[in-house]
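This briefing goes through one structure topic by topic. Please keep the sequence and the 3D view at hand while reading.

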Amino acid sequence: MTELHDLPAHDLIAAYRQRKLSPVEVTQSVLAHIERWEPHIKATYLLRPEAALAQARASEARWLRGEPKGLLDGVPSTIKENISTEGDPTPLGTAAVELVPAAADAPPAARMREAGAVIVAKTTMPDYGMLSSGLSTFHPLSRNPWDVSKGPGGSSAGGGAAAAAGYGPLHIGTDIGGSLRLPASWCGIFSLKPSLGRIPIDPPYTGRAAGPMTRTVADAALMMQVLSQPDARDSMSLPYQDIAWSQFNKGAERLRGLRIGLLLDAGCGLPVEPEVKAAVERAAQLMEAAGATIVPMAPFMTQAMLDGMDHFWRMRSHIDLQALPAARRDKVLPYIRTWADSAAGMSGTEVFTASHQFHLTRVAAVKACSAFDYVISPVAPNVAFQAELPSPTNDPLRPLEHIGFTVPFNMSEQPAASVNCGYTRAGLPIGLQIAGARFDDLGVLQVAHAFELIREPQRAWPQPPAA
């Protein structure tokens with residue numbers, strides 16, 4: 001029998017409507033499960049059981065009156081720590097930030113509340129979101145439920161761990177270079193980085209997107225109905241479209257006739273590990289058997305593109321850190337300080353050349369993908385690495401060698417998802433990235449769901465270690 005904390009959002013909503021379950025008993029189950037897991041994976045920030053139960057009781061009363069507040073009424077959810085929630089401080093994962101209560105909910109948090117979701121907790125992130133790990137000077141070290149010696153990825157570290165561990169069905173993260181898809185890949189869950197502006201966010205920034213982190217495409221599609229509602233605070237948001245998100249399920253036949261590019265070499269960064277390559281090739285074979293045409297792609301990224309984006313972000317962070325008082329700057333993770341300070345001697349010409357790589361990446365990605373309906377690739381060249389490490393290389397001068405497959409789609413504004421496609425011999429999950437043309441977010445969900453239907457059986461979700 002499926003435990004209440006493991007039930008998908010669609011099933012919970014149906015059970016509430018039929019009065020077979022109450023949001024209170026579901027939230028109690030989720031909180032009890034978090035209590036068992038949290039000492040081992042440290043995925044949460046502002047975990048407040050009484051506040052969650054109060055929300056659940058209000059939801060229960062609405063369902064009993066037959067007046068649900070919205071599509072997610074009573075569904076346990078978490079929100080990444082850098083998405084502001086009214087009255088709560090937003091430390092951005094670092095001890096260097098002053099803890100000032102947020103004046104208002106950021107758009108994704110506002111949409112979840114309006115839809116009636118039960119916000120169980122915020123989830124952790126590394127310092128300033130600048131790492132693909134759960135290493136933080138503010139939060140305890142977050143770990144991966146599949147193997148607690150490994151990290152969950154980042155920067156949506158706690159969100160990935162929470163989804164895999166069963167902290168309820170719905171979680172929100174953010175992504176500027178892979179921060180949704182990387183933890184999704186390494187935690188064996190699903191995530192969609194939508195087209196830039198599809199989900200309003202505040203503050204907006206080039207390439208920055210919020211998105212769902214769930215165990216299934218179905219739950220992500222349900223979240224998209226809520227999160228994609230308009231909000232004027234995002235100056236980069238797209239005009240609102242009434243997209244039929246509920247039409248995510250077109251069956252495996254959705255793959256028939258598609259021309260899908262297979263990208264196995266990012267053109268930069270770390271080489272793809274053999275087990276990752278084999279899992280993605282197997283996914284391509286399954287898609288081909290379902291009627292898709294699979295066409296090998298040449299890499300379109302270059303090391304100069306990746307290095308340029310890295311160097312520009314170093315300078316941005318260097319300027320930000322230099323603006324802090326010395327005592328606060330000293331609290332930033334040393335790895336990040338070393339990385340940012342390495343930009344101190346850059347000339348204006350070097351900074352401009354670095355910034356230009358964002359545009360070159362965008363042009364190259366759109367051109368390379370234009371010959372295909374969708375593009376599949378590894379999410380990352382590697383699987384989850386040691387939890388204590390800030391990055392796979394553990395080198396602040398080579399910090400982004402693992403994002404060559406993910407970052408181009410932030411810059412090109414294309415939707416890209418991570419869906420589990422297998423496991424290593426050691427049992428660590430491997431993610432398949434599915435990227436579509438700009439604005440084709442629903443199509444990416446449909447292809448990802450079609451792959452869910454044809455992929456090989458998934459392993460049981462990890463359980464908390466015995467007490």
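The lining of the second largest pocket is made up of 8 nonpolar, 8 polar and 5 charged residues. The model is a predicted one.

**Pockets**

- The second largest pocket has a volume of about 290 Å³.
- Its lining counts 21 residues, and those nearest the centre of the pocket are Asp 6, Pro 8, Arg 215, Thr 216 and Trp 461.
- For the largest pocket, the volume is about 640 Å³. Its lining has 28 residues, with Asn 82, Leu 92, Tyr 128, Arg 208 and Arg 316 closest to the centre.
- By residue type, the lining of the largest pocket holds 12 nonpolar, 8 polar and 8 charged residues.
- Both S4 and helix H9 (303-322) give at least two residues to the lining of the largest pocket. The largest share is that of H9, with 4 residues.

**Cavities**

- The model contains 3 cavities of 30 Å³ or more.
- A set of 18 residues lines the largest cavity, and Gly 129, Met 130, Ser 132, Ser 179 and Leu 400 lie nearest its centre.
- No charged residue is found in the lining of the largest cavity, which has 10 nonpolar and 8 polar residues.

**Nonpolar cores**

- The largest nonpolar core has 124 residues, and the members that touch the most others are Met 287, Trp 313 and Leu 432. Helix H7 provides the largest share of this core, 9 residues.
- Beyond the residues up to four places away in sequence, Met 287 touches Leu 255, Ile 260, Ala 292, Ile 294, Ile 376, Leu 432, Ile 434, Val 447, Phe 451 and Ile 454.
- There is also a second, separate core of 17 residues, with Ile 34, Trp 37, Leu 53 and Ala 121 among them.

**Helix H4**

- Helix H4 spans residues 107-114, and it is largely enclosed by the rest of the structure because 6 of its 8 residues are buried.
- The buried residues of H4 are Pro 107, Pro 108, Ala 109, Ala 110, Arg 111 and Met 112.
- Their cover includes strand S2 (76-80), strand S3 (118-123), strand S4 (170-175), strand S6 (209-214) and helix H7 (217-227).

**Arg 181**

- Arg 181 belongs to helix H6, which covers residues 181-187.
- Is Arg 181 buried or exposed? Its relative accessibility is 0%, so Arg 181 counts as buried.
- Apart from neighbours within four places in sequence, the residues in contact with Arg 181 are Asp 175, Lys 193, Val 379, Thr 406, Phe 409, Asn 410, Ala 416, Ala 417, Ser 418 and Gln 433.
- With Asn 410, the side chain of Arg 181 makes a polar contact of 2.6 Å.
- Leu 321 is 140 residues away from Arg 181 along the chain, and the C-alpha atoms of the two are 27 Å apart.

**Backbone details**

- Most residues other than glycine have a negative phi, and most peptide bonds are trans.
- The peptide bond between Gly 154 and Ser 155 is cis, with omega about 10°. Ser 155 sits in the loop between S3 and helix H5 (157-165).
- Asp 202 and Pro 203 are also joined by a cis peptide bond, with omega about 5°. Pro 203 is placed in the loop between strand S5 (190-193) and S6.
- Leu 46 is not a glycine, yet its phi is positive, at about 55°. This residue, Leu 46, lies in the loop between strand S1 (44-45) and helix H3 (49-65). With a relative accessible area of 22%, Leu 46 is partly exposed.
- Phe 439 is not a glycine either, and its phi is positive at about 80°. The loop that holds Phe 439 runs between strand S11 (429-436) and helix H14 (441-454). Phe 439 has a relative accessible area of 42% and therefore counts as partly exposed.

Conventions: Residues numbered from 1 in each chain as written. Predicted model: local features only at pLDDT ≥ 70, side-chain atom pairs only at ≥ 80, totals over all residues. Heavy atoms only, no water. Buried < 20%, exposed > 50% of the residue type's maximum accessible area, 1.4 Å probe, protein only. Contact = heavy atoms within 4.5 Å. Polar contact = N/O pair within 3.5 Å; in protein donor to acceptor, adjacent residues only side chain to side chain. 1 Å grid on protein atoms, 1.4 Å probe; cavity = no way out; pocket = protein on both sides within 12 Å on 5 of 7 lines; lining within 4 Å. Points joined across faces, edges and corners; volume = space filled by probe spheres on them. Nonpolar A, V, L, I, M, F, W, Y, C, P; charged D, E, K, R; others polar. Core = buried A, V, L, I, M, F, W, Y, C linked by side-chain atoms within 4.5 Å.
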